[in-house]
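Look through the sequence and the structure first, then read the points below.

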Amino acid sequence: MAAESAFVRSAGSSSTTTMAALFNSSSTWKHSKRKTHQFLNTHCVYDKNRFYKQLGLFSLKKKIEDAVLRAEMLAPLALELEEERRNEQEQLIRDHDLWDDTAKSNEILAKLADSVRVVDALRDLTYKAEEAKLITQLAEIDAINYGLFRQAYDASLDMSKILSKYEISKLLKGPYDMEGACLIIKAGGKGYPEVWVKQLLRMYTKWARKLGYKGRVVEKRSSTNGGIKSATIEFEHEFAYGYLSGETGVHYIINFNNGSAVHEVSSASVDVVPLFLGQAYDMQIDEEDLTIVLPSKLEEEQRQNGPLVYIHHKPTCISVQSSGERSHFANKMKAMNRLKAKLLILALEQGVTKPSDIRKDEIFNVWQKETCLIHIS
């Protein structure tokens, strides 16, 4: 019995030992399998990140190559043309006595300054193209250096900006297209025009910010429903008027309610006049043709704006106003500049040289113009 018991104990002990060995072996296999899965997952993530990084580098390289190719195709010819134009302006200065006609001399000098600025920009464009190409080559030698590619990409962005600005300057050839712009938005009489004016104001300021410029809201009249009755924005950068002159007219927005046939239409008028960045045009306006109105102090307090100045031009029935400055005198000067700019545009549209030759019966109100821009929401 003792021997049998010993045999039983010995057999039980051996079975226990075997089960423990199998359990340890199973645990080791599971741990090894888990580590293998972790390694594979890490390797997959690494491969994915590596793929995306290579894809990003390829995209950057393609953009850089496109910008360099565009610069190499356009810059040499453009630089040759602009240098020839600059030489012509310099020859005019040598042949012309600057003291005989001051106005003509100022015009020639202004054109020469523009030509010199354009030539310098195109030369800088050529240097940036060579720089981007060289940095790209160095990045490839340095086993695809992401930092160098990023530097070359920044240079390509500068190239694109210079080329785009040059192309726009060639397209916008109007006499006032190079000037800044004063944009005036007024609510209409349908739907929710004050809310629509607020949206338009946000749209124009966002557009300027996207281009790297600043749209300064100088005047704003709020409404009781949280909207805006009217707003005036000044864009003090070159070619702003050329960009925005096409916005003049009536803007409508159509709001559809859950796809139903019933919809709401809101309207607002937009008027754009040049904002002269340098010396303003010297235009003589007879004071007898003007009616200048200064609201009372009580009216100004009710408006909660600055001191308003309202100017009416009798021969053309054009009215302008300004309330964005701190004094009546400053607002009067700004309103006069807006009136002169409006008269210059009307004279240009009617093909006359003097504001006194503007024909009143051919002047159209912004609301009567055929220009109509429709936005669907």
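**Overview**

Seven helices and nine strands make up the secondary structure of the chain. The model is predicted. Of the 377 residues in the chain, 33% count as buried.

**Contacts and surface**

- Among contacts in the chain with a separation of 6 or more, 65% are between residues 24 or more positions apart.
- The chain exposes about 24,200 Å², and 55% of this comes from carbon and sulfur atoms.

**Largest nonpolar core**

- The largest nonpolar core contains 43 residues.
- Leu183, Ile185, Tyr204, Phe235, Ile311 and Leu339 have the most contacts inside this core.
- At least two core residues come from each of β1 (180-187), α4 (193-210), β3 (228-235), α5 (240-244), β5 (263-275), β7 (309-313), β8 (318-322) and α7 (328-350).
- The element that gives the most to this core is α7, with nine residues.
- Beyond its neighbours within four places in sequence, Ile311 is in contact with residues including Leu290, Ile292, Ile318, Val320, Lys332, Ala335, Met336 and Leu339.

**Second core and helix α3**

- A separate core of 23 residues includes Leu60, Ile64, Phe149 and Leu163.
- Helix α3 covers residues 146-171, which is 26 residues.
- From its first C-alpha to its last, α3 reaches 37 Å, close to the 38 Å expected at 1.5 Å a residue.
- The buried residues of α3 are Phe149, Ala152, Tyr153, Ala155, Ser156, Met159, Ile162, Leu163, Tyr166 and Ser169.
- Residues three or four places apart in an α-helix point the same way, because there are 3.6 residues a turn.

Key:
Residues numbered from 1 in each chain as written. Predicted model: local features only at pLDDT ≥ 70, side-chain atom pairs only at ≥ 80, totals over all residues. Heavy atoms only, no water. Core = buried A, V, L, I, M, F, W, Y, C linked by side-chain atoms within 4.5 Å. Buried < 20%, exposed > 50% of the residue type's maximum accessible area, 1.4 Å probe, protein only. Helix = DSSP H or I, 4+ residues; strand = E, 2+ residues; numbered from the N terminus. Contact = heavy atoms within 4.5 Å. Areas by Shrake-Rupley, 256 points an atom, 1.4 Å probe, with all protein chains shown as cover. Expected span 1.5 Å × (residues − 1).
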